[in-house]
Amino acid sequence: MDFEFTEEQRMLKKNVRDFLSKEIAPIVDERERHGPFTREEVVGFIKKLMPFGFYIGVLPKEYGGMELDRITMGVLNEELSRVWASLAATIGIAQLAPLNIADAPDELRQKFIPQILEGELIGCSAITEPNAGSDASHIETTAMLDGNTYVINGTKTWISNGTIADVCMLLAVTDKSKGPLGMSTILVEKAASPWESKELHKIGWRCFPTGEMYFTDYRVPKMNLLGDVATGYKRTMREFESARSGMAIMAAGICQAAIDASISYARERKQFGRPIGSFQLIQEMIADMIAETEAARLLGYRAFCLIDKGVRARLESSLAKAYACEAAVRVTSKAIQIHGAVGLSDEYPVERYFRDARMLTIPDGATQIQKLIVGREAIGIKAFV
Ligand SMILES: Cc1cc2nc3c(=O)[nH]c(=O)nc-3n(C[C@H](O)[C@H](O)[C@H](O)COP(=O)(O)OP(=O)(O)OC[C@H]3O[C@@H](n4cnc5c(N)ncnc54)[C@H](O)[C@@H]3O)c2cc1C
């Protein structure tokens, strides 16, 4: 067992932290007041952050990418989440474009890779529908073959980057008689055929675009199929393992921001003639916050470590997501408590950390679903059908 980052990962963490604190942190609170990012803003941030490995890190070297392991991508994600959860989530989803392009047919790869190398292709992934959230096995969107074209009909909802994405990996039913075994993932491209969408407002991640997407007789060339036909559901379940581990790391980043803010406030704020940090009950809250954050971080990186080794991490990624995301709600709530009244005000960042942490327990499978997966993997009996 090795709990240390490599020398390169430590250097990267330090360099990214320095850069983010100078170049990004000063604009966060003001920008959060003005709603979701535009596509152009996101492309601008990607270009700025790509040299560290954000976005391009998931692209294989043979296509000009950095091919970073997931732990290194986790380090980047944790540091960005510590500064700006909205941006970490947006870039995390945008990089589904470089991540999935390796599986696309040659023609699509040749078309998209130059755009990816410029940081110009924003990705998203559309599974959820109005009638299918936790139960993705019952999606209703169809993609029916008509000659060499898929004709897509359906509504996708709560899709991260759905309002700004250039490409979307869309899960649809291609064979109605086979349930989840009749679902395929199809790459749809806005420039070739625009889709209608509407933005959804949220409690946290205020700059993170999240939308509902509408497809009516929407036509896509057959070659836009990702992977083999009817492998979409399986592919989605496997991708969840990475996504859930990433959410745990994101939780650790938000928690770390809450701890850092709380420690510095506890040192400065005086009551009863002493810094509040000298009171044992404040120290207990800080100790609990650190314990939960360390546990969240270790669970997240452990799941990534398994995935990097090519080992399935069904239990580990769900355990990490369930624990870390709920822990982030507790940790950021304690940060508000330590700040007293000002913790509730948007003059201080801890109310944003709390709102951002509250976002974590729903996407990529709500906590209850993660626990059911842990239970299924541990006991060998499925409690949900
Ligand atoms: C910010 C955000 C971003 C998102 N991004 C994407 C995206 O990019 N792509 C995408 O496809 N989807 C996305 N989603 C959708 C997300 O995956 C779903 O919201 C999530 O899976 C839960 O589905 P639901 O909201 O329909 O809740 P429901 O499935 O209706 O669940 C409601 C409640 O019931 C509980 N529940 C459901 N089934 C069971 C059960 N068997 N046992 C016990 N409890 C149960 C749930 O845990 C939850 O507490 C996003 C959601 C959010 C909030």
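Trainee: What should I know before I start?
Mentor: It's a predicted model, so local features need pLDDT of at least 70, side-chain atom pairs count only at pLDDT 80 or more, and totals for chains, interfaces and linings use all residues. Residues are numbered from 1 along each chain as its sequence is written.

Trainee: How is the chain divided into domains?
Mentor: Into domain 1 (7–117), domain 2 (123–229) and domain 3 (234–379), with bounds from an automatic or database domain assignment.

Trainee: How far apart do the C-alpha centres of domain 2 and domain 3 lie?
Mentor: They're 30 Å apart. Still, 10 residues of domain 2 are in contact with nine residues of domain 3, contact being C-beta atoms, placed from the backbone, within 7 Å.

Trainee: Switching topic, how do H8 and H10 pack?
Mentor: H8 (residues 232–268) and H10 (residues 314–339) pack at about 20°, axes 8 Å apart. The axes are lines fitted to C-alpha atoms over the stretch in contact, with angles from 0 to 180 degrees between N-to-C directions. Helices here are DSSP runs (H or I, at least four residues), numbered from the N terminus.

Trainee: What does that angle make H8 relative to H10?
Mentor: Roughly parallel, the term for angles under 35 degrees.

Definitions and conventions. Helices (H or I, at least four residues) and strands (E, at least two) are DSSP runs, numbered from the N terminus. Angles under 35 degrees count as roughly parallel, over 145 as roughly antiparallel, 65 to 115 as roughly perpendicular and the rest as oblique. Two residues are in contact if their C-beta atoms, placed from the backbone, lie within 7 Å.
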